[in-house]
Amino acid sequence: MERSLAIIGAGTSGLAACKYALEKGFNPIVFEAEEIVGGIWNHTIESTKLQNAKETYQFSDFPWPSSVEDVFPRHNQVLEYIQSYAKYFNIFPCIKFNSKVLSLDYVSGESYEEMETWDLWGGTGKPFQSKGKWHAVVQDTKTCSTVVHQFKFVILCIGRFSGVPNFPEFPPNQGPEVFNGVEYPCIMIYRTAHWQLPSASLWGLHFGLLYFNRFSELMVHKPGETFLLSILTTLLSPLRWGISKFAESYIRWKLPLKKYGIVPQNSFLQDISSCQVAMLPENFYEKVEQGSIVLKKSQSISFCKEGLIVDGESQPLKTDIVILATGYRGDQKLKNMFSSPIFQNHIIGSPSSMVPLYRQVIHPRIPQLAIIGYAEGFSNLLTSQIRCQWLVHYLEGNFELPSIREMEKDVILWENYMKLYNGKYVRRSCIGIVNIWYNDQLLKDMGCKTRRKKGILAEYFLPYGPVDYAGLP
């Protein structure tokens, strides 16, 4: 039986997918558009640091070297760590660098109408027993020549924070083309204020004790929870509200939010539920106090010759350079990978819903393909690693997927959860405050124990991290 396997992307997810595939006897080919591994870490500015403490951002089977003493390693240290992982597990021989996958086309001899009648994923429920193959058009980024490769299974590890910028739309003659640039200081324009953490503790309590342990997840309704768990969550809702206000009170005390009119309208709970909370850059408000950073709130902007027209202001905002820190369209990036309009529509889903992936990995209607690294959380490297292990267990035949309809029902459960807690940010597919619950689902499928700590107090009240998942088969 043919078991050809392609992995697209050599960031952290792609490297982990390759490592576990090699361990199970596969011979994967990894296509990487650039000349180096590391993904988004190759495109950061010099001052970039991890927002996680390094103990929470590491592969469970590959700790940071003792030479890295910083709690929040710098971007070059992160890159070196990722490269060391690839070297240690002998992943480099599998990687084709300077190889950009332009498109994927599924060829099976069956019409899309026939595929829609399938009860099981791919028609058989098995990863390598379906009739179809993926045709990958791969471009050599140095010569621009293209080659078509064929694979039985494809793992997309292309990330979501690169590739397709979320570029704002401007009316005619009000976009960047009319901007010349002049000499003026830094002004930060924002639409919506979000809660930013000045440190990893709140009133002396480590942040992980409040939000990243099992007890904290008891306070949140979870997809597929039992009736008794639902009742318990409802009973604990006052405590959930209190912890959110506890966090807000500390941040408002620590930072001059009111002084600069930047108090968020969302609760801390909603921001953390939708992965909108981040660590505040060092000395940020000191620079605001000095006047080297000026904060302005505006719902819309447009360009003019001297700079920007800010909503509600009569005079243009004169500036040298405009940086559009508006993020990326990860969903559009996924969509662009497929040549089929039907698969494009499947993957993009509704604008008011999450990207519809079962276990945040598999689209029920797109066969023989998995996506690793799209759903967001506060420990993305670890979660992607466990997803890779889950996927390889499936490829090995260690468990079976539910029917397509059952998978779609599960997707709806997760979407309803995200709409409840993420609100308008449901598209971010954030699982941050139910990460342990999510990991439990993967571990149950794999036949692994979900309780990973020693003792009930540690199990419920200590934060979960990479070391707790070390040794998974």
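The model is predicted, so local features need pLDDT of at least 70 and side-chain atom pairs count only at pLDDT 80 or more, whereas totals for chains, interfaces and linings use all residues. Residues are numbered from 1 along each chain as its sequence is written, and side-chain values use heavy atoms, with hydrogens and water left out. Helices (H or I, at least four residues) and strands (E, at least two) are DSSP runs, numbered from the N terminus.

**The parallel sheet**

- Strands of a sheet pair through backbone hydrogen bonds, either parallel or antiparallel.
- Two strands are counted as paired if DSSP finds at least two bridges between them.
- Five strands form an open sheet in the order S3-S2-S1-S7-S17, with parallel pairing.
- Strand S3 (95-96) and strand S17 (369-371) stand at the edges with a single partner strand each, so one side of each is left without a neighbour in the sheet.
- Within this sheet, strand S1 (residues 5-8) and strand S2 (residues 29-31) run parallel and are joined by 3 bridges.
- Ala-6 has Ile-29 in S2 as its bridge partner.

**The antiparallel strands**

- Strand S14 (residues 301-303) pairs with strand S15 (residues 307-310) in the antiparallel sense, over 3 bridges.
- A hairpin of 3 residues links S14 to S15, and Ser-302 stands opposite Ile-309 in S15.
- S15 also pairs in the antiparallel sense with strand S16 (residues 317-318), over 2 bridges.
- Gly-307 has Lys-318 in S16 as its bridge partner.
- The hairpin of S15 and S16 has 6 residues between the strands, and Gly-312 there takes a positive phi near 90°.

**Helix H11**

- In helix H11 (residues 341-348), the buried residues are Phe-343, Gln-344, His-346, Ile-347 and Ile-348; buried means under 20% relative accessible area, exposed over 50%, and partly exposed in between (1.4 Å probe, protein chains only).
- These buried residues pack against strand S4 (99-107), helix H3 (112-116), strand S5 (133-140), helix H10 (330-336) and S17, where contact means heavy atoms within 4.5 Å.
- At the start of H11, a side-chain oxygen of Ser-340 lies within 3.2 Å of the backbone nitrogen of Ile-342.

**Helix H6 and the surface**

- Ile-231 belongs to helix H6 (residues 227-235).
- Ile-231 counts as partly exposed because its relative accessibility is 39%.

Conventions
A polar contact is a pair of N or O atoms within 3.5 Å; within protein, one must be able to donate a hydrogen and the other to accept it, and residues adjacent in sequence count only if both atoms are side-chain atoms.
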